Amino acid sequence: METLLQALSLGIAIGGTYALMGVGLNLIFGVMRIANFAHGALYMIGGYAAFYAFTGTGLPIAVAMLLAIAVGGASGYLVNAVFLRQLYKTRVERPIDFAFIVTFALSMFLGSAAIATVGSGYKRVPGLWNENVHLFSSVQMSGNRIVAFVGALALIGLLLWVVKRTDIGRGWRALTQSLTGAEVVGLDVFRLANLAFATSGMLAAAAGSLLVPIYLAYPGMGSWVLSKSLIIVVIGGLGSIGGGLVGGFALALAEVFGAVYIDPNFTEVYGFAAMLLILLRRPQGLFGSRMDRAV
Amino acid sequence: MKKAAVFSTGTAMMLVSALMAAQGAMAQEKEPVVVGVISNLSGPESKLGTEAVGLAELYVEHINAKGGVDGRKFELVVGDNENNPDKFISLGKRFMQQRNVMGFTGTAGSGEMLAFEKAVKNTSVPICLSYTMGNKNVGPDLPSVFRIGPYNGQVAKLMANYLQKKEWKNVVVLAERSAFGTDFADALQALGNDDFKVDVVSYDPQAVDLSPMLVPVARQEVQPDAVVVVGYGPAIYTSAARIREAGIKSQIIGTWEFPEMPEFWSAAGDAGVGIMYSTFGISEATLTAGGKEFRKLFTDKFGREPVFYDYNEWDCLTAFTKAVEKTGSIDRETVSKAFGDLTFEGTSGEISFKQDPAPGAWNSSKAGTMFMLQMGKSGLPKGEIVEEIR
């Protein structure tokens, strides 16, 4: 029972941060129907921004993390407004391929740029709760992991509120139904896409800054995030925020329970196995629809 | 007619003299000895790779100032393997074809080095390892690969001796799934018995969080006496923090000097206090005259004392020199064969490459002594020696 509780707690805690990564990627899938392969690089930018804001300016760590989220938002905005601009300003024949090539190239460029500018070493900031905490008498967990979990859920909650209750969210939902239809009724697609990218960048950077105290910052950190995020969106369903949330928890629980109850040597395999299972049984993902409806 | 004959004779003599002079110059300018140093110059271990290149450049200055090798200049060709086996192979092959590289050395991980060794096996190009510890990096199937330095089989054996001496009977190895990590874990597990149980938990080299796989370790009926951590990836630096987060109170042991890196303390905090790790060293008493000369050259140039791997790398470069001197050739196959028969005085004793079938020992010249160190306080740059292990 104690093992079950520990596994469940750890799976839920990791799942919250996975969900934050997946939801950001899925927002772009939902709104623009393209994959942002620079999502991992935005996570990396968040991690480094938190590090330099904290060590370079002496800001309190909480403020440094907020600054990192703002930097991530600005970076996400630039990805769309500058590098994907052609999608909106000219008629690109194969927009999905175009976005894939551009964001993948950006991801490679940012990884190399990180090595060239900040070096290849590992960096870390102290977290907000640097102690191991006992929960329910038999569960032990890092305080920073709890902070990351709570922060992740708060941000996902905020995103859901924006989607459901604001004009921007209503605009995004219109885009998920029909890009052409949204244009016909006068919505500024480019502006809404920029805002979606900025929001996605903020979520990725938030994950990066919340997890630097646990996982460190280093130039290659974006690649595993991208890999996990892609599994999450496939499990949860392309373009669905709820799917990203559930996919994050499903992936983390699959990894933890697989490690605890099957074999710890294959921890990374369980997520891929879950993804393959979903692709076989329900290709649209748990929360995806065959019509690609999203947020 | 007479004038013409005199002119012709004079011209002929001038031509002959010119030819003789040219021949003399050619005799003096033999083809250089070109050694390729392919290291990781841009990845996480780039500091080590950059230092290896600096050391090789120092060797070239030193040997050329002494007149070169058998009338030949010693030259280097440097490349960055980017921690990528494919890049390593393409770079190495290009160096051999375009730059006439005769042999290779450098600091590379066991995996990418093994891929390279297999890819160039048919060329018989000699490769001298000074840093690469994988058991599979040497062997009868790789006759042109030689090693000066420690290897996993040796470290595992010495560590098993130490663990058993401490009467630690239940050990878990957290091993990165790489040529280095898996190799070490397999070697240590092979030394296990009824009184010395070794369990291995492996993880992906890109993994950042070992927590899921630590839950079953923490929930064992009896916690292990020691958790040995082996790998190079990001998880190694956060391993101590994750082990303690999981509630595992066992002794943590590293298999190389990662606890000396600031990144480790930044991630580990108090969880790193008490961590033990193995390292190799060369004592002052064992330094040869050549070793003392190297130490002075190195210290003068870099402003720090050489570490163990620096001595090994210097000995590797010396081995190339000795093999060329012995054969008078820079033909790869000839030099490679000469390597196997070499016996020379290295920086800390005699170097020779014995064909020992023990895991990792083939064509390997052991050097230095293994020490177990322990970090008594948070943030220390170096631990205290707790034992010299034999």
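B:Glu61 is partly exposed in this predicted model, with a relative accessible area of 48%; here buried denotes under 20% relative accessible area, exposed over 50%, and partly exposed the range in between (1.4 Å probe, protein chains only). The side chain of B:Glu61 meets that of B:Lys301 in a salt bridge, with an N to O distance of 3.2 Å. A salt bridge is taken as a side-chain nitrogen of Lys or Arg within 4 Å of a carboxyl oxygen of Asp or Glu. Because B:Glu61 belongs to helix α2 (residues 46-65) of chain B and B:Lys301 to helix α10 (residues 289-302) of chain B, the pair ties together parts that are 240 residues apart in sequence. B:Lys301 is likewise partly exposed, at 37% relative accessibility.

The model is predicted, so that local features need pLDDT of at least 70 and side-chain atom pairs count only at pLDDT 80 or more, whereas totals for chains, interfaces and linings use all residues. Residues are numbered from 1 along each chain as its sequence is written, chains are lettered from A and ligands numbered from 1 in the order in which they are written, and side-chain values use heavy atoms, with hydrogens and water left out.

Helix α2 of chain B also contains B:His62. B:His62 is buried, with a relative accessible area of 13%. When residues up to four places away in sequence are not counted, B:His62 touches B:Glu293, B:Leu297 and B:Trp314, a contact being defined by heavy atoms within 4.5 Å.

Chain B as a whole has twelve helices and 16 strands; helices (H or I, at least four residues) and strands (E, at least two) are DSSP runs, numbered from the N terminus. The C-alpha trace of chain B spans about 110 × 40 × 35 Å along its principal axes. Of the 390 residues in chain B, 56% are buried. Among contacts in chain B with a separation of 6 or more, 68% are between residues 24 or more positions apart. Chain B exposes about 16,600 Å², of which carbon and sulfur atoms supply 54%; accessible areas come from the Shrake-Rupley method with a 1.4 Å probe, and for residues only the protein chains shown count as cover.

The assignment divides chain B into domain 1 (33-148 + 284-347) and domain 2 (153-281 + 371-389), with bounds that come from an automatic or database domain assignment. The centres of domain 1 and domain 2 of chain B, taken over C-alpha atoms, are separated by 30 Å. Ten residues from domain 1 of chain B and ten residues from domain 2 of chain B take part in the contact.

Chain B carries 39 positive and 47 negative charges, whose mean positions are 5 Å apart. In this count Lys and Arg are positive and Asp and Glu negative, while His and the chain ends are not counted; the place of a charge is NZ of Lys, CZ of Arg, CG of Asp or CD of Glu. Over all chains, the salt bridges number 21. One of them joins A:Arg145 and B:Glu245, with the closest N and O atoms 2.8 Å apart. This pair crosses between chains, from helix α6 (residues 143-165) of chain A, which holds A:Arg145, to helix α8 (residues 235-245) of chain B, which holds B:Glu245. A:Arg145 is buried, with a relative accessible area of 3%, and B:Glu245 is buried with a relative accessible area of 3%.

A further salt bridge links B:Lys87 and B:Glu82, the closest N and O atoms being 3.6 Å apart. B:Lys87 is partly exposed at 27% relative accessibility, and B:Glu82 is partly exposed with a relative accessible area of 42%. Elsewhere, salt bridges that share partners join A:Arg145, B:Asp209, B:Arg242 and B:Glu245 into one network.

Helix α7 (residues 211-218) of chain B is largely enclosed by the rest of the structure, because seven of its eight residues are buried. The buried residues of this helix are B:Ser211, B:Pro212, B:Met213, B:Leu214, B:Val215, B:Val217 and B:Ala218.

Backbone geometry was also examined. Most residues other than glycine have a negative phi. B:Ser124, however, has a positive phi near 60 degrees. B:Ser124 lies in the loop between α4 (110-119) and β4 (127-129) of chain B and is buried, with a relative accessible area of 17%. Phi of B:Glu167 is also positive, near 65 degrees. B:Glu167 lies in the loop between α5 (152-165) and β6 (170-176) of chain B and is exposed, at 63% relative accessibility.
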